[in-house]
Amino acid sequence: MGRSSYFRFLHEAIRLYNHNELDKAYELVLADGEDGGGTPAQILNLKYCLESRLGKQEAALETFREAVDHGYWYGYEYLLQDEDLRPIRDTAEFRRLAEVCREREAAAKARSKPDLKVLASKQEGSKGLLLA
């Protein structure tokens, strides 16, 4: 799946979700979402959210575990607030995986550092470009 195909896939999955066609969105994710052309962390997130909403709690937890086992993490506050995850939020496994995500998020924030780059143009009169 190329970049434009991936964006079409995401657009269609979100359209179906927004129209409460969760079964169709889930079928799309299963059929087209995991062919390696997109962002695996995003696809797995979409998959476990749909599974949770569809009442497939064990599948949702398994998919969430798969994502975490691959090294992905999701914002801790997001995990606690996303309504899609309400059906699995009170399970011990969800809490364990959310804690792993919280730790990874904290570590990523601790490692991140602001970076300032000024690209100066060699053209006379140019003011350059500032990226922060």
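Student: Where is Asp84 found?
Tutor: This is a predicted model. In it, Asp84 sits in the loop between helix H5 (76-81) and helix H6 (86-89).

Student: Why is Asp84 called buried?
Tutor: The relative accessible area of Asp84 is 8%. Buried means under 20%, so Asp84 is buried.

Student: What makes the pair Asp84 and Arg53 a polar contact?
Tutor: The side chains of Asp84 and Arg53 are joined at 3.1 Å. The cut-off is within 3.5 Å, so the pair counts as a polar contact.

Student: Which residues does Asp84 touch, not counting residues up to four places away in sequence?
Tutor: Asp84 touches Tyr17, Cys49, Ser52 and Arg53.

Student: How many aromatic pairs are there by the ring rule?
Tutor: The count comes to six.

Student: Why is the pair of Tyr48 and Phe64 called tilted?
Tutor: The ring centres of Tyr48 and Phe64 are 4.8 Å apart, with the planes at 35°. Centres within 6.5 Å make a pair; planes under 30 degrees apart would be stacked and over 60 edge-to-face.

Student: What parts does the pair of Tyr48 and Phe64 tie together?
Tutor: Tyr48 lies in helix H3 (residues 40-53) and Phe64 in helix H4 (residues 57-69), so the pair links parts that are 16 residues apart in sequence.

Student: How do you know whether Tyr48 is buried or exposed?
Tutor: Tyr48 has a relative accessible area of 0%. The limit for buried is under 20%, so Tyr48 is buried. Phe64 is also at 0% and is buried.

Student: What makes the pair of Tyr48 and Tyr74 edge-to-face?
Tutor: The centres are 5.5 Å apart and the planes of Tyr48 and Tyr74 are at 85°. Over 60 degrees counts as edge-to-face, so that label applies to this pair. Tyr74 is in the loop between H4 and H5 and Tyr48 in helix H3, so this pair ties together parts that are 26 residues apart in sequence.

Student: Which residues form one aromatic cluster with Tyr48?
Tutor: Phe64, Tyr74 and Phe94 form one aromatic cluster with Tyr48.

Student: Which residues of helix H2 (residues 22-32) are buried?
Tutor: Leu22, Ala25, Tyr26, Leu28 and Val29 are buried in H2.

Student: How do you know that they are on the same side of H2?
Tutor: They cover an arc of only 155° around the axis, which puts them on the same side of H2. On the other side of H2, the exposed residues are Asp23, Glu27 and Ala31.

Methods: Residues are numbered from 1 along each chain as its sequence is written. This is a predicted model: local features need pLDDT of at least 70, side-chain atom pairs count only at pLDDT 80 or more; totals for chains, interfaces and linings use all residues. Side-chain values use heavy atoms; hydrogens and water are left out. Helices (H or I, at least four residues) and strands (E, at least two) are DSSP runs, numbered from the N terminus. Buried means under 20% relative accessible area, exposed over 50%, partly exposed in between (1.4 Å probe, protein chains only). A polar contact is a pair of N or O atoms within 3.5 Å; within protein, one must be able to donate a hydrogen and the other to accept it, and residues adjacent in sequence count only if both atoms are side-chain atoms. Contact means heavy atoms within 4.5 Å. The arc is that of the directions from the helix axis to the C-beta atoms.
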